[in-house]
Amino acid sequence: EALDACAAANQMVIYSIKDLYPDDRVRDDGRTNEETARGWVEGLKGHPALLAWYVADELSKDKVPDLVRRRQMVNAADPDHPTWAVYCSYADLPFFGPTCDVVGIDPYPFNGMNDRGIQTVFNALADTRRAMLRANGEIALWTVPQAFAPAVYTVKPGTDVQQYLANARVPSVREMASMVLLQAIGGAKGFILYSEFDLVKWPENYRYEERWTAACEVGELLRSVEKFIMSSRPRPPLEVKSTAGRVEARAMAADDGEIAVLIASPLREGGQGEIRGAGLPPGLRSANGNTVETAPGVYRFTGVDADWDILRP
């Protein structure tokens, strides 16, 4: 029924079978986890709302043999939908390469009220890039940007709601936008904000509308650059020179030939830098005013802690 409702709303589902381990554990209905997972895959693989299979969440590398068997079972039963697994031990990503068709990473940089910048996201992407190089340069990547307050997992019953809301750190729209654009710069093509169900938990439900609106705003930003992120055209070469802090940027060419530049500053102290490229046209416009053109085809970005910009004609 849930999949039918999603199909009716033109929504796609990454269906979770991530908790069905170990394979030989017998469930209350007498079936093993492996039999249950196989049954779900074979029963749902033709559903129009199905996008992918969520096969693992933050498991350790000693589980690799189990994960490889699960991927092989799913791929054999349903060759039309990829498997996706999320990992948080980024240095171990080379071990997880055979466990899924699409890798997910979930660095969450905002825990305390004083947290600034998205250095942990940058570090996770750096580890992922190293893993890509070990895998001949290619790993399909769908990331899990933070949209929740970690404090919702530790809040005690009876806590004053207003006191909780004043002290439970959540990322702002600017910070979430910086995360997703930094991840797009790093090669991600899928973004699964975590998570809507945390927004409805007490006491986060008291600011549900605010947080859902923020998440939707970030989704709209991603949709605005979808044709660049999903393009099959080669990336135009770009030279990025950070003059303060750190600036990350990537030029992208859409299939229709339009050029855009995604920019993000990951560090707590922000960043300033010069961006230029042989194929970078003059007259590109800044989406949020953080970038100015200093000479034809030469641009200077200035960001405050986690910040971002998009340049387009």
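Me: How do you know that the charged end of Lys61 sits over the ring of Phe95?

Reply: A charge is said to sit over a ring if NZ of Lys or CZ of Arg is within 6 Å of the ring centre and also within 35 degrees of the ring normal. The charged end of Lys61 lies 4.5 Å from the centre of the Phe95 ring and is found to sit over that ring. The charged end of Arg70 likewise sits over a ring, that of Tyr21, at 4.4 Å from its centre. Please keep in mind that this is a predicted model, in which local features need pLDDT of at least 70 and side-chain atom pairs count only at pLDDT 80 or more, whereas totals for chains, interfaces and linings use all residues. Residues are numbered from 1 along each chain as its sequence is written, and side-chain values use heavy atoms, with hydrogens and water left out.

Me: What makes Tyr54 and Trp84 an aromatic pair, and why is the pair called tilted?

Reply: A pair of aromatic rings is described by the distance of the centres and the angle of the planes. Rings of Phe, Tyr and Trp (for Trp, its six-membered ring) pair if their centres lie within 6.5 Å, and the pair is stacked if the planes are under 30 degrees apart, edge-to-face if they are over 60 and tilted otherwise. For Tyr54 and Trp84 the centres are 4.9 Å apart and the planes make an angle of 35°, and therefore the rings pair and the pair is tilted. This pair links distant parts of the chain, with Tyr54 in strand β2 (residues 50-57) and Trp84 in strand β3 (residues 83-87), 30 residues apart. Strands here are DSSP runs of E with at least two residues, helices are runs of H or I with at least four, and both are numbered from the N terminus.

Me: Why is the pair of Tyr87 and Phe96 called stacked?

Reply: The centres of the Tyr87 and Phe96 rings lie 3.8 Å apart, with 10° between the planes, and because that angle is under 30 degrees the pair counts as stacked. A search of the whole structure finds eleven aromatic pairs, and ring pairs also link Tyr108, Phe148, Tyr153, Tyr194 and Phe197 into a cluster.

Me: Why does Tyr87 count as buried?

Reply: Buried means under 20% relative accessible area, exposed means over 50%, and partly exposed lies in between (1.4 Å probe, protein chains only). Tyr87 has 1% relative accessibility, so it counts as buried, and Phe96, at 0%, is buried too. Tyr54 and Trp84 are also buried.

Me: How do you know that β3 is mostly covered?

Reply: Five of the five residues of β3 are buried. In a regular strand the side chains alternate between the two faces of the sheet. In β3, Thr83, Ala85 and Tyr87 are on one side and Trp84 and Val86 on the other, and all of them are buried, which leaves both faces covered.

Me: What makes β2 and β3 paired strands?

Reply: Two strands pair if DSSP finds at least two bridges between them. Four bridges join β2 to β3, and the two strands run parallel, with Ala56 opposite Ala85 in β3. Four bridges also join β3 to strand β4 (residues 102-105), again in parallel, and there Trp84 stands opposite Val102.

Me: Is Arg207 buried or exposed, and how do you know?

Reply: Arg207 has a relative accessible area of 10%, and because this is under 20% the residue is buried. Arg207 lies in the loop between α8 (196-199) and α9 (208-224). Leaving aside its neighbours within four places in sequence, Arg207 is in contact (heavy atoms within 4.5 Å) with Ala149, Tyr164, Leu165, Ala168 and Val170.

Me: Is Asn10 buried or exposed, and how do you know?

Reply: The relative accessible area of Asn10 is 69%, and since this is over 50% the residue is exposed. Asn10 lies in the loop between α1 (2-8) and β1 (13-16), and its phi is near 60°, a positive value in a residue other than glycine. Asp305, which is not a glycine either, has a positive phi of about 40°, but its relative accessible area is 10%, so Asp305 is buried.
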